[in-house]
Amino acid sequence: MSADMDDLNRRMEGALNTLKSDFGGLRTGRASTSLLEPIMVEAYGQQMPMSQVGTISAPEPRLLSVQVWDKGTVSFVEKAIREAGLGLNPMADGQMVRVPLPELNEERREELVKIAGKYAEQGRVAVRNVRRDGMDQLKKGEKDGEISQDEQKALSDDVQKLTDDYVAKIDEALSQKEAEIRQV
């Protein structure tokens, strides 16, 4: 059953990593390349991640730039950034697309905190789903006679402790992100 604990741990870690990458896409006051990475660009007749059409960099604290490799896709990159719902206004400059990051107002900060809270709740739900799967495996193992009732109880306590640890890590990541967003 310990191999299953490793699997549960790996899946919960995956949920935490997904949450952290989602948080990376939330705009704070500083320029971060992870803000543009998930944006999909219509290029060559299909949707492609931004990182496959150009190099994303943060040359200044309040500026992102995308060095587009193919001059024909510059307008598509610009359009994708504008329509991504991040409140950004890109400007094309040859094969370079510059994306200045405006100052966040208090209203937008509170909106971003709410979005971060939603992401954290999705992470908690994912961890709880992994917990439920683990508990179901334990109950099935006991029912099939593979483990005793005492072992099932001890292992389910371990699964619950693992769940509590990951929920605490998610809450910690959320509080850090909220502080980062609210920082003026």
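This report walks through a predicted model of a protein, from its domains down to a few single residues.

## Two domains

Let's start with the overall layout. The domain assignment of the protein divides the chain into domain 1 (5-26 + 105-183) and domain 2 (33-100). Notice that domain 1 is written as two stretches of the chain. How far apart do the C-alpha centres of domain 1 and domain 2 lie? The distance between these centres is 32 Å.

Next, look at where the two domains meet. Four residues on the domain 1 side are in contact with four residues of domain 2. The size of an interface is often given as the accessible area lost when the parts come together. For domain 1 and domain 2, the area buried between them is about 250 Å², and 41% of it is on carbon and sulfur atoms.

Now turn to the nonpolar residues inside. The largest nonpolar core has 27 residues, and the members that touch the most others are Leu19, Phe23 and Val127. Which helices each supply at least two residues of this core? They are helix 1 (2-24), helix 3 (106-143) and helix 4 (149-182). Helix 4 gives the most, with nine residues.

Leaving aside residues up to four places away in sequence, Leu19 touches Tyr119, Ala120, Ile170 and Ala173.

Helix 3 deserves a look along its whole length. Helix 3 is made of 38 residues, and its first and last C-alpha atoms are 55 Å apart. That span is close to the 56 Å expected at 1.5 Å a residue. Just after helix 3 comes Gly145, with a positive phi of about 80 degrees.

Val113 is found in helix 3. Val113 counts as buried because its relative accessibility is 8%, below the 20% cut-off. Not counting residues up to four places away in sequence, Val113 touches Glu178, Ile181 and Arg182. Gln152, in turn, lies in helix 4. With 12% relative accessibility, Gln152 also counts as buried. Gln152 touches Leu138, Lys139, Glu142 and Ile147, again not counting residues up to four places away in sequence.

Leu36 sits in the loop between helix 1 and strand 1. Is Leu36 buried or exposed? Its relative accessibility is 0%, so Leu36 counts as buried. Leu36 touches Met50, Ile56, Leu64, Val66, Ile81, Leu88 and Val99, with residues up to four places away in sequence not counted.

Val74 brings us to helix 2 (residues 74-82), where the buried residues are Val74, Val77, Glu78, Ala80 and Ile81. Why do these buried residues line one face of helix 2? Seen down the axis of helix 2, they fall within an arc of 165 degrees, so they share one face. The buried residues of helix 2 pack against strand 1 (40-43), strand 4 (63-68), strand 5 (91-93) and strand 6 (96-100).

## An exposed loop residue

For contrast, visit Tyr44 in the loop between strand 1 and strand 2 (46-49). Tyr44 is exposed because its relative accessible area is 55%, over the 50% cut-off. The phi of Tyr44 is near 55 degrees, a positive value in a residue other than glycine.

## Distances in sequence and in space

| Pair | Apart in sequence | Apart in space |
|---|---|---|
| Leu36 and Gly24 | twelve residues | 9.6 Å |
| Gln152 and Met135 | 17 residues | 8.8 Å |
| Val113 and Lys79 | 34 residues | 26 Å |

Definitions and conventions. Residues numbered from 1 in each chain as written. Predicted model: local features only at pLDDT ≥ 70, side-chain atom pairs only at ≥ 80, totals over all residues. Heavy atoms only, no water. Buried < 20%, exposed > 50% of the residue type's maximum accessible area, 1.4 Å probe, protein only. Helix = DSSP H or I, 4+ residues; strand = E, 2+ residues; numbered from the N terminus. Arc of directions from axis to C-beta. Contact = heavy atoms within 4.5 Å. Core = buried A, V, L, I, M, F, W, Y, C linked by side-chain atoms within 4.5 Å. Expected span 1.5 Å × (residues − 1). Domains from an automatic or database assignment. Buried area = accessible area lost by both parts, 1.4 Å probe.
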